[in-house]
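Reader: I have a new model open on my screen and would like to talk it through with someone. Could you take my questions one by one?

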Amino acid sequence: MDATSIILAILVFSLIIIFHEFGHFIVARMNKVSVIEFSLGMGPRLISFAGDGEKHRFLFLKSSAYFEENKQYEGHTIYSLKLLPFGGSCMMLGEDEDVDDEGSFSKKSVWARMAIIFAGPFFNFILAFVLSLIVIGTVGYDKPVITEVEQGSGAQAAGLMKGDVITKIGSTKIVVDRELSYYPVFHKLDGSPVDITVDRNGEEKTFSVTPKMTKGVNGEEKYLFGYYHASPRERGNVFEVLKYSAYEVKFWIKTTIQSLGMMITGKVSTDQISGPVGIVKQVGDVVEKSKPEGAKTVTMNLLIFAILITANLGVMNLLPIPALDGGRLLFLIIELFRRKPLPQKVETYFNAGGFIALMALMVFIMANDILKLF
């Protein structure tokens, strides 16, 4: 991993995290909740920007104890950049305890608190949509067009032809080219016939295609339909850009959920799971492969990678796991039905235990990433 890859990865992470935390921040402010600190990163503070009622100033390497001792900063939001670039926070008054103050998070209605918590993941999806607009508006969308049919394949025997636009495989709707590659990942082919629907010159046709055992590039044998795809991207009008951008977000949300299902059922090994170190390496791979095609291609591929990561983060944060937004939403939903909150001690222990488990998992994944580098 070179310095460029690390810097670009940090920039991608930072953009995604800031947008996520900004979601919490802006909805908290809309609901008149006092925000104590808005920070990018984890660990010790490097730089803080804080107001004391008269003016704002930059402060360097200040601890929490410093702000507790200097009461002039009380009631003003502190904006901080911290040492470790893999996280962030929007710390609100009364977030983890019952504070008797009209600006306290704990004093707001359950619906307001749910909106504030949900806003983080929701802003991840908004960011994915905005980045998709940039990519698709610049380079177009990728239609699922067959570019070649292999001789002697199941696709040829069934009657599929070059130029056919695939619209459905089995019961799965196909809109973009990548779905053709992902279909066999999430739907195991075993040699049984599969219905493939195509648009051929404006006419819809359905073919029963029997996948055949084929030796891949790496020598591995697997069932394949026998067609090639990856046609050039097409530029569309404003409505098509909006449509395909929305679908891009939907595609990555759906893919993340399906991948989680494979993890839970043991169909994905630990070698296929990546953490921050693995993502930095992937960013480096994206940059290196794109360099020969110029800066525009590098930028577009990084944006596509950022769409994947931010949509992934949005879904992961909504899981009902302690210390994540989904875990906090679960407690608020329980409160909604009980018409009173669970004891604070229960939520504190629940979140503390979840945080320890998440940190242990993060250490394991990072160690696994480092081992894969060698």
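This is a predicted model: local features need pLDDT of at least 70, side-chain atom pairs count only at pLDDT 80 or more; totals for chains, interfaces and linings use all residues.

Reader: Thanks for joining me! How many bridges join strand β1 to β2?

Author: Strand β1 covers residues 35–51 and runs antiparallel to β2. Within this pairing, glycine 51 stands opposite histidine 56. The number of bridges joining β1 to β2 is five.

Reader: Which glycine in the hairpin of β1 and β2 takes a positive phi?

Author: Look between the strands, where the hairpin has four residues. One glycine there has a phi near 100°, and that residue is glycine 53.

Reader: Leucine 61 is not a glycine, so what is its phi, and is the residue buried or exposed?

Author: Leucine 61 is found in the loop between β2 (56–60) and α2 (64–69). Its phi is positive, at about 55°. Exposed means over 50% relative accessible area. Leucine 61 has 63% relative accessibility, so it counts as exposed.

Reader: And arginine 339, where does it lie, and is it buried or exposed?

Author: Arginine 339 has a positive phi too, of about 65°, although it is not a glycine. It lies in the loop between α9 (325–338) and α10 (344–373). With a relative accessibility of 78%, arginine 339 counts as exposed.

Reader: Let's turn to charges. How many salt bridges does the count come to?

Author: Side chains of opposite charge can pair when their charged atoms come close. One example here is lysine 71 with glutamate 74, whose closest N and O atoms are 3.9 Å apart; the cut-off is 4 Å, so this pair qualifies. Salt bridges that share partners also join Glu37, Arg45 and Lys82 into one network. The count comes to nine salt bridges.

Reader: Are lysine 71 and glutamate 74 buried or exposed, and what about aspartate 142 and arginine 178?

Author: Lysine 71 and glutamate 74 are both exposed. Aspartate 142 forms a salt bridge with arginine 178, with 3.3 Å between the closest N and O atoms. That pair links distant parts of the chain, 36 residues apart: aspartate 142 sits in the loop between α3 (110–139) and β4 (148–149), and arginine 178 in helix α5 (residues 178–186). Aspartate 142 and arginine 178 are both buried.

Reader: What distance does α6 reach from its first C-alpha to its last?

Author: At the start of α6, a side-chain oxygen of asparagine 237 comes to within 3.1 Å of the backbone nitrogen of phenylalanine 239. The helix has 27 residues, and at 1.5 Å a residue 39 Å would be expected. The model is close to this, with a reach of 40 Å.

Reader: What covers the buried residues of α6?

Author: The buried residues of this helix include Tyr244, Ser245, Glu248, Val249 and Trp252. Serine 132, which is in helix α3, is in contact with Ser245, Glu248 and Val249, among others. That serine has 0% relative accessibility, so it counts as buried. What covers the buried residues of α6 includes α3, β6 (172–173), α5 and α8 (295–317).

Conventions: Residues are numbered from 1 along each chain as its sequence is written. Side-chain values use heavy atoms; hydrogens and water are left out. A salt bridge is a side-chain nitrogen of Lys or Arg within 4 Å of a carboxyl oxygen of Asp or Glu. Buried means under 20% relative accessible area, exposed over 50%, partly exposed in between (1.4 Å probe, protein chains only). Helices (H or I, at least four residues) and strands (E, at least two) are DSSP runs, numbered from the N terminus. Contact means heavy atoms within 4.5 Å. The expected span of a helix is 1.5 Å times one less than its number of residues. A polar contact is a pair of N or O atoms within 3.5 Å; within protein, one must be able to donate a hydrogen and the other to accept it, and residues adjacent in sequence count only if both atoms are side-chain atoms. Two strands pair if DSSP finds at least two bridges between them. Lists of a residue's contacts leave out its neighbours within four places in sequence.
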